[in-house]
Every structure is written in structure tokens, then in C-alpha cells.
Amino acid sequence: MSQPTVDELVTILTNENTTLVQLKAVLNKESDALLKNDINAVEGSALEKKSLLARFEKQVQIRLDCLSAHGFESSEQGFNAYIHSLSIDLESPLLSLWHQLKDTFKAVIKQNEQNGIIIHHSRNRTRALLNILHDNKNQPNLYNESGTDKGSRQRHSLGEA
């Protein structure tokens, strides 16, 4: 294949990797904000993530369109086959970028999973605190004859007892 095709692929992979590196940085900021319970920072991170994910999706689509245009399957296997069809040496920046992109993607997934764990623990801690606040700890759910919730806070007169 021609050098412009290799250069085009290098540009595509560089753009994708740059976006993933930015996404990883946002996930790291989000992790810090979650640990500090900084809701405003978490919300800001969510907006940044949404923007970066949209950009990454478009960049991936460009790569998949490039594969299709050259007659290859729109998948990782198709991309590997495309790279091997280019007759480039093993020290090519293209191969290095491809491996770097995959490694960065794995790191982003790992950081996102870690943030999910932090959110899960925070949610459980908040739920426990709310139960204490509402005095619901270890109390059964009781319902009155009309089916509405009847907590221990409802008072009954001595005559009803």
C-alpha cells in the first residue's frame, strides 16, 4: 500500500489515542472528586466524559470507515489484517501506535471500573447513613389496612392499642 495510507492510519490512531489519554485524565479527576465527595467536580467530569466519548466514537467510526473503504472487516481482526497487508516493518510507528491505543483503552476501562466501585461503596455508605437518619435501621416494613407505609413514627392512641 502507499505511504499516504500509512500516514492516514497514523493520524487516525494518534487522534484516538490522544482522546483516550484525555479521557483517562478526566477519569482520574473524577476519582479524586468521588473520594472527596465533590459533587460539582463529579458533574463537571461527567460533562467532559460525555464530550470525549462522543469524540472518540466519531474517531473510531473514521477508522472503521477506512477499513471498509479498503475492503477489510470493521473489527480488530480486520484492522490487524489491514496493517499486515501494508508490508511495513515491525518497528513501524503504526504498529507501535496500535499497541499503545489498545493499552490506553484497557487503562481507561480499568479506571472507569475503579470509579464504579467507588460510586458503589459511596452509594451503600449514603444509604446506611440515610437509614440511620430516618431511624429505619433494622425495622421491618409495616403497612396499615389501606396498604400505605406504617412506620414506627406513627402514634396510636392508647384506645387503639
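Which residues in α2 meet which in α3? I looked this up in a predicted model, where local features need pLDDT of at least 70, side-chain atom pairs count only at pLDDT 80 or more, and totals for chains, interfaces and linings use all residues. Residues are numbered from 1 along each chain as its sequence is written, and side-chain values use heavy atoms, with hydrogens and water left out.

**Entry: α2 and α3**

I found Arg 63, Cys 66 and Leu 67 of α2 meeting Gly 78, Phe 79 and Tyr 82 of α3. Contact here means heavy atoms within 4.5 Å. Helices are DSSP runs (H or I, at least four residues), numbered from the N terminus. By class I noted four nonpolar, one polar and one charged residues in this contact. Ala, Val, Leu, Ile, Met, Phe, Trp, Tyr, Cys and Pro count as nonpolar, Asp, Glu, Lys and Arg as charged, and the others, Gly among them, as polar.

I then took the geometry: α2 and α3 pack at an angle of about 60°, with their axes 10 Å apart. That makes α2 oblique to α3. Axes are lines fitted to C-alpha atoms, for helices over the stretch in contact, and angles run from 0 to 180 degrees between N-to-C directions. Angles under 35 degrees count as roughly parallel, over 145 as roughly antiparallel, 65 to 115 as roughly perpendicular and the rest as oblique. The crossing of α2 and α3 is left-handed (the near helix is turned anticlockwise from the far one by less than a right angle).

**Entry: α3 and α4**

For helix α3 (residues 76-85) and helix α4 (residues 93-133) I read an angle of about 165° and axes 11 Å apart. α3 is therefore roughly antiparallel to α4. Their crossing is left-handed. On the α3 side the contact is made by Glu 76, Phe 79, Asn 80 and Ile 83, and on the α4 side by Leu 94, Leu 95, Trp 98 and Lys 102. I sorted these residues into five nonpolar, one polar and two charged.

**Entry: largest pocket**

I looked up the largest pocket and got a volume of about 200 Å³. Its lining includes Glu 16, Phe 56, Arg 63, Glu 76, Trp 98 and Lys 102. The elements giving two or more residues to this lining are α1 (3-35), α2 (39-69) and α4. The largest share, five residues, comes from α4. The lining divides into seven nonpolar, no polar and five charged residues. A pocket is an open set of points on a 1 Å grid over the protein atoms alone where a 1.4 Å probe fits, with protein on both sides within 12 Å along at least five of seven lines; lining residues have an atom within 4 Å of a point. Grid points are joined across faces, edges and corners, and the volume is the space filled by probe spheres set on the points.

**Entry: single residues**

I found Ile 118 in helix α4. Not counting residues up to four places away in sequence, Ile 118 touches Ser 31, Leu 34 and Leu 35. Ile 118 and Leu 35 are 83 residues apart in sequence and 7.5 Å apart in space, C-alpha to C-alpha.

I placed Asn 37 in the loop between α1 and α2. Asn 37 has a positive phi of about 55°, although it is not a glycine.
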